[in-house]
Amino acid sequence: MLGAGLVGRLYQLQIAQSENYQLLSDKNQFDKRRVLAPRGRLFDSHGRLLAGNSEVFELNMLPARVADLDRWLANVQKLIDLSPDDIERIKKDIADQPDFLEVTVKSGLTQRELARVAILSPVLEGALFHKSFRRIYPQGWMTAHVTGYVSPANQKDVSKNPQLRYLPGLRIGRSGVEHTLEPSLAGQLGVERIEVNAQGKPVRVLEDKPAEAGVDVNLSIDVELQAFATERLRRGKSDVVPLQKQEVQMALLQNDELRAHVTTGDTLILRDERGRLVPPESGAVTVIDIHTGEIKAMVSVPSYDPNLFSGRLSLRDWKRLNEHPRTPMLNRAVSGLYAPGSTFKMVVAAAALEAGVISPSNKIKCEGSFEFGRRTFHCWNEKGHGFVDMVSSLERSCDIYYYQIALKTGINRINNMAKRLGLGEVTDIGLPSEQAGIIPDRDWKQENKGVPWTPGETVVAGIGQGFVLTTPVQLAVMTARIANGKKAVIPTMQAQNGQQPDFADLQVSEDILAMMKQGMRKVMNGTFGTARKYDLKDYGGIAGKTGTVQVKRISKEQREKGIIDNIDRPWKERDHALFVAYAPVNNPRYAISVVVEHGGSGSSMAAPIAHDIFEYIFASEQRQKI
Amino acid sequence: MNLVFAWLFRVPWVLVLATGFLAMVGALALFSASEGNWFPWAERQLYRAGIGTLLLVFIAVIPVRWIYSWSYIILFGAVLILLALPIIGIGAGATRWIAIGPFNFQPSEPAKIAIILALARYYTSQSPENMQSVIAHILPLICIAVPFGLVIIQPDLGTSAMLLVGSLGVIFVAGIPKRFIAVLAGLAVLMLPVLWSQLYDYQKERIFTFLQPQSDTLGAGYQIAQSKIALGSGGMFGKGFLQGSQSQLNYLPEKQTDFVFTMIGEEFGFVGNVVILLAYFIILMSILLIAVKCKSRFCRLSAIGVSIMLFLYIFVNVAMVTGILPVVGAPLPLISYGGTAMLTVFIGLGMVINAAVNSHVSDNELLI
């Protein structure tokens with residue numbers, strides 16, 4: 001009877017519940033290991049490498065096979081360079097995961113280190129070598145805001161996808177194109193099914209699905225143009241001072257701002273008009289193809305070295321970037337918000353024409369100021385412009401003209417035109433943390449400020465200040481749409497390879513846009529044009545618009561005492577210098593927006609930068625034809 | 001010559017064949033347990049089986065009279081050795097072993113046979129009237145209690161429990177008044193708390209683990225859990241010889257000794273396990289048939305004693321690996337790696353064969 005009981009028990013285990021136990025047995029026996037895929041590479045429009053993978057060797061450790069961790073680490077430290085930070089991280093990693101999973105001790109071993117550790121590996125129980133990939137950015141900080149950077153999985157990633165924990169070599173795109181195109185750049189992880197014994201030691205490989213490399217992407221950026229535009233923007237209108245000079249070395253000791261730039265890798269030191277040593281200019285330049293929307297250059301300075309993030313960012317580097325006074329991690333082109341200032345005047349003029357509140361030939365008299373309600377609104381030219389029509393209002397950037405037509409048009413119609421020209425909404429350029437900016441209307445004010453819109457605010461909006469905020473890339477898109485005249489161009493970071501993207505029609509009359517173009521042309525070649533010194537006659541001319549944006553309100557007393565020159569104010573209180581333009585005039589190809597933070601004036605700071613960049617583009621295109 | 005043939009004719013060949021079969025299965029199982037190597041277990045096990053066979057033949061051919069007359073002395077010797085164990089024994093913590101030449105020997109195993117023989121002789125000498133009195137059973141109980149006490153203090157819970165149950169079984173078969181059974185059962189229940197207080201922590205833990213195996217799958221419950229996984233994943237026909245992943249990759253502990261039945265189950269499935277149990281069933285059945293045919297009470301009791309001992313080994317082991325009983329450390333006879341248990345089984349079977357060929361001998365002939 002007892003014997004029958006035993007057979008019954010065996011039946012229960014081996015027949016009735018067999019499937020269940022088979023699953024448990026498989027779970028014991030097999031270990032799935034994921035194999036890293038090389039990340040897709042990024043190239044510029046000419047196939048030059050922007051982000052690639054270099055093969056590196058990393059030293060890993062299997063905690064289960066290390067008896068005395070401290071002694072093991074001490075031994076390894078004799079062979080390779082391990083910082084206290086590294087040690088702390090290794091110990092944390094070991095504590096965080098089961099002991100049969102590998103922990104990265106150091107990645108990116110130098111040839112010397114590799115050789116040293118490899119020779120001693122037989123006596124370093126638990127040491128393992130792996131070939132891994134390190135993300136490299138040959139252009140470094142120059143293209144950092146375009147490419148973005150990658151970094152190891154953090155606690156948040158792991159809690160979303162626990163498998164990431166077991167992939168110490170994996171890098172995730174954090175910003176720029178690396179982030180946007182993460183799904184296709186990442187590729188497919190390979191899978192190795194390994195039979196493991198009870199001690200966690202692999203016995204044999206059963207299944208091997210190789211990793212699929214990520215997709216390579218050609219970006220629309222032209223690295224040479226990017227480099228030129230970057231250098232040109234940073235130099236502004238100052239002289240370069242060699243770093244080795246005694247006075248520079250002295251200044252670096254005393255001047256925190258200069259030191260912040262130099263320690264984050266930006267070694268350009270300038271001498272301004274007053275003879276002071278200053279860091280390079282900050283700001284953004286965006287060059288866009290007005291037909292395809294391809295971004296040919298996107299500069300945002302200061303910048304950072306994305307290579308720093310590929311390994312493990314040291315605390316020191318992180319602190320330097322974090323404490324930098326000019327936020328180098330911010331991509332000003334898409335995330336920087338600036339009042340468009342006078343570059344907004346095309347929008348207001350177009351809205352007024354469309355609304356029929358004014359005709360191009362109607363003249364308005366500018367006497368330097370404009371009384372409205374209890375407030376006085378000033379023109380930048382205190383003496384006044386006299387009678388101005390629409391074209392000359394753009395040419396001379398008369399503020400009084402725009403105060404008046406803005407009032408007649410109303411904020412809602414201005415808002416409507418601005419949105420059609422690409423302002424106040426994210427452009428879908430495909431870069432993370434793009435800002436929408438603000439183009440106000442009555443509802444916006446009510447919703448966000450809780451009070452009704454006032455006509456005085458329309459007056460200020462007429463010259464692109466007050467609530468109005470835009471990003472440099474939006475300004476480039478606005479200019480491209482005006483230049484294109486037919487299509488609502490959408491910017492893209494990816495090379496279109498000669499293909500014309502399918503854009504929606506721009507719902508603005510071509511006659512109206514023709515007026516804008518005429519005014520913008522006059523800015524460059526009119527007798528009173530605000531940027532008349534910076535036309536580019538050799539290459540078909542430029543059409544543009546300057547903008548000088550006040551960042552601090554000028555009080556009545558200050559105005560009476562006489563406004564202090566920008567150059568003599570503290571940097572933070574100087575005006576932003578803006579310039580938007582397209583060229584060539586008759587057969588437009590490229591649009592540009594230049595924003596120089598606290599750069600002084602649009603005409604003296606931003607316009608010459610745009611001029612030089614256009615000259616560079618057309619000159620090199622001509623060279624290539626010959 | 002005729003005499004030899006007559007002798008051979010009386011040998012229970014079915015039992016011999018089944019024993020040989022199980023010994024071969026054991027050797028192959030040990031071959032698999034060392035991942036397809038004769039070394040270290042299978043080879044030595046075969047060597048021991050050879051020695052065991054010699055012992056078996058020796059015990060089978062000697063006159064049963066000799067065994068009868070030596071039985072008390074054998075028990076006395078066994079008790080002496082058990083007594084001396086703390087002095088001459090080896091082993092860390094639990095002193096269970098003595099070294100005889102190259103072999104480590106566990107005296108508590110053959111002590112079981114000694115008890116069986118002594119009890120068989122004692123009850124042969126008792127008249128049926130005597131059996132009804134309590135006094136007649138006091139001496140056998142002392143014969144059991146002394147070695148039981150010596151084994152339990154070693155400490156070896158599994159062996160002592162099996163020794164106790166097995167020898168009480170012999171008394172039961174010898175014939176004991178029903179009222180005594182009730183008294184004995186009552187005494188046993190009263191003994192339990194005392195026994196429990198004498199247990200070592202690891203022994204208590206094993207019993208706790210048995211009661212709640214899921215509580216500790218990486219500690220003491222690990223063995224039972226892995227054993228059940230191995231058996232269950234074997235299914236109907238098993239994963240094949242040398243293909244058991246649980247066994248070959250060392251998830252299954254003690255696969256060469258206590259959990260050998262599990263390994264066979266993983267590699268040969270339900271069918272394999274049932275075939276093994278069938279072979280044991282054949283052995284037990286033929287021993288019982290021999291017992292029935294024996295004229296002498298001594299032969300009958302010792303054969304039945306051996307069968308009870310064998311059955312206990314088998315039952316406790318299989319129940320243990322399938323998770324019915326706690327892990328107490330009981331080998332599977334003839335298959336598990338381990339010299340003492342194997343030799344004990346061979347001695348016991350030698351005794352049974354001796355009884356079979358001497359089934360015509362009566363008690364009176366033994367006394368001469």
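## Model and numbering

This is a predicted model: local features need pLDDT of at least 70, side-chain atom pairs count only at pLDDT 80 or more, and totals for chains, interfaces and linings use all residues. Residues are numbered from 1 along each chain as its sequence is written, while chains are lettered from A and ligands numbered from 1 in the order in which they are written.

## Helices 16 and 23 of chain A

Helix 16 (residues 345–355) and helix 23 (residues 510–525) of chain A cross at roughly 145°, and their axes come within 10 Å. Helices are DSSP runs of H or I, at least four residues; strands are E runs of at least two. Axes are lines fitted to C-alpha atoms over the stretch in contact, with angles from 0 to 180 degrees between N-to-C directions.

Helix 16 of chain A contributes M346(A), A349(A), A350(A), L353(A) and E354(A), which meet I512(A), M515(A) and M516(A) of helix 23 of chain A. Contact requires C-beta atoms, placed from the backbone, within 7 Å. The residues of this contact divide into 7 nonpolar, no polar and 1 charged.

## A sheet in chain A

Strands 11-12-13 of chain A, in that order, form an open sheet with antiparallel pairing. Strand 11 (239–241) and strand 13 (277–278) of chain A are at the edges with a single partner strand each, so one side of each lacks a neighbour in the sheet.

Pairing needs at least two DSSP bridges; strand 11 of chain A has 3 to strand 12 (residues 269–271) of chain A. V240(A) has L270(A) as its bridge partner.

## Chain B

Chain B has 16 helices and 2 strands. Of its 368 residues, 49% are buried (20 or more other C-beta atoms within 10 Å of the residue's own, C-beta atoms being placed from the backbone).

Definitions and conventions. Contact = placed C-beta atoms within 7 Å. Nonpolar A, V, L, I, M, F, W, Y, C, P; charged D, E, K, R; others polar. Buried ≥ 20, exposed ≤ 12 C-beta atoms within 10 Å, placed from the backbone.
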